[in-house]
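Subject: Structure for you to look at

Hello,

Here is the structure I said I would pass on. My notes on what I found in it follow below.

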Amino acid sequence: LKEHNAKSIWHPMAHPADSQANPPTIVTRAQGVRITDLDGHETVDAVGGLWNVNLGFSCQPVKDAIAGQLDTLPYYSTFRGTSNDQVIQLAEELRRFFAPDGLTRAFFTSGGSDSVETALRLARQYHKIRGEAGRTKFLSLKKGYHGTHMGGASVNGNANFRTQYEPLLPGCHHIPAPYTYRNPFNESDPARLAQLCLQALEDEIAFQGSGTIAAFIMEPILGAGGVIPPHESFMPGVRDICTKHGILLIADEVITAFGRTGSWSGSRHWGVQPDLMATAKAITNGYFPFGAVMITSSVAEVFENDRTGAAAIGHGYTYSGHPVGAAAALACLAETEKLNVPENAATRGTQLHRGLLDLRDKHSLIGDVRGGHGLMCALELVSDRESKTPIDKATIATVQEVAYQSGAMVRVSGPNIILSPPLILTEEDADVILGALDDGLTAAAR
Ligand code: PMP
């Protein structure tokens, strides 16, 4: 297995030569919050799969729901004239959870990139139906991540995920993210920085012409870009600007929905109602590739009241509304509610964040600590605190490797160590993660 791991598989988000030189960890078992590799080494999974295994790896009700569904109806989706009982029930449950945010309709997809793609398409179509076909552009944040499809790649903030694939969608523009540690304004006060970024958004809208913009897409807390929680005034400010200019607000909640931030959604965390909300990942806890775009009643009614034919939906997926995925999602939502998972995410998130702040006092490699909003935390590592020189690849790899040997799998993204463990994490599990990072940072400083 080890030999074929890099020879036969092209690993995403990696250079093929790097994968061959340093083959990725082969995971063979996972139970609760722990994973075991091919050598039998067990660690706490501080990555939570890929921000998606909120309920841990052995969630019996989800397994039972999937097994039962495989026996009764293994496939019939919501594509072209069919539906199924599971997906209807799921849509009703999602409506129950998100009606307080005005989100009452669901369009089902097979994952996060699909959900983003669907949201971008629905945004353009919405304006066309309303007779504003000139609204085709998309705005987004420079540190944002929105998946791998061509639409999502076009709105991705990180140029590394765009330039190899250009030309992408025309008319996509990226504004500075409210990233306090590094920003083009040299502003370290989060509230003032939020205002500067909002002004940059206003300026970009004025420059492009507000009648040309279909939507603004953002993650309520930026994830893959390095866990960047904006100041509390930022997303409400974006909402106001979008409303003022007739621009739809798409919340990319592929990571943040279903409890990760300590709320049922990241938008709710900031008290904001988006027009469209892209979800996936934890909706099925990693058990099935699945996603849903939630749509407000006011956007939905524009489509539903159309009598010209312009609202015919011209896209969808073979697995839209897959009954096995829907059964898994129903069980996940029930467990999330029953165990009050968002509350545990908030409590353990506070513990983890405080522990990371303590580590900063001890380790000069830590330039910035981010977190405090549920179980999404990050350390940004530097080789020199004063100049904020980003850490080199080899040193951060040592932190990761030693932390792994000491009991916690963490994720590295650029100069960041990202933590997004399952939301059922216990106090002891969080201590294991902190101890492993302490070991990793100590070893890397030698
Ligand atoms: N949006 C966000 C915010 C994400 O973090 C991701 C994946 N990490 C995606 C979209 C794409 O999701 P997927 O990998 O399921 O296609």
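The buried residues of helix 14 are Ile 396, Val 399, Gln 400 and Ala 403; please keep in mind that this is a predicted model. Those four lie on the same side of helix 14, because the arc they cover around the axis is only 90 degrees. Helix 14 itself runs over residues 393-405 and reaches 18 Å from its first C-alpha to its last, close to the 18 Å expected. Gly 407, which follows helix 14, has a positive phi, near 120 degrees.

Next, a pair of helices. The axes of helix 5 (residues 85-98) and helix 12 (residues 323-338) cross at roughly 35 degrees and come within 8 Å. The crossing is left-handed. On the helix 5 side the contact includes Val 87, Leu 90 and Phe 97, and on the helix 12 side it includes Ala 326, Leu 330 and Leu 333. By type, the residues of this contact are nine nonpolar, two polar and one charged.

Last, a loop residue. Arg 130 sits between helix 6 (112-129) and strand 5 (137-141). The C-alpha atoms of Arg 130 and Phe 303 are separated by 9.1 Å, while along the chain the two are 173 residues apart.

Regards

Methods
Residues are numbered from 1 along each chain as its sequence is written. This is a predicted model: local features need pLDDT of at least 70, side-chain atom pairs count only at pLDDT 80 or more; totals for chains, interfaces and linings use all residues. Helices (H or I, at least four residues) and strands (E, at least two) are DSSP runs, numbered from the N terminus. The expected span of a helix is 1.5 Å times one less than its number of residues. A residue is buried if 20 or more other C-beta atoms lie within 10 Å of its own, exposed if 12 or fewer, and partly exposed in between; C-beta atoms are placed from the backbone. The arc is that of the directions from the helix axis to the C-beta atoms. Axes are lines fitted to C-alpha atoms, for helices over the stretch in contact, and angles run from 0 to 180 degrees between N-to-C directions. A crossing is left-handed if the near helix is turned anticlockwise from the far one by less than a right angle, and right-handed if clockwise. Two residues are in contact if their C-beta atoms, placed from the backbone, lie within 7 Å. Ala, Val, Leu, Ile, Met, Phe, Trp, Tyr, Cys and Pro count as nonpolar, Asp, Glu, Lys and Arg as charged, and the others, Gly among them, as polar.
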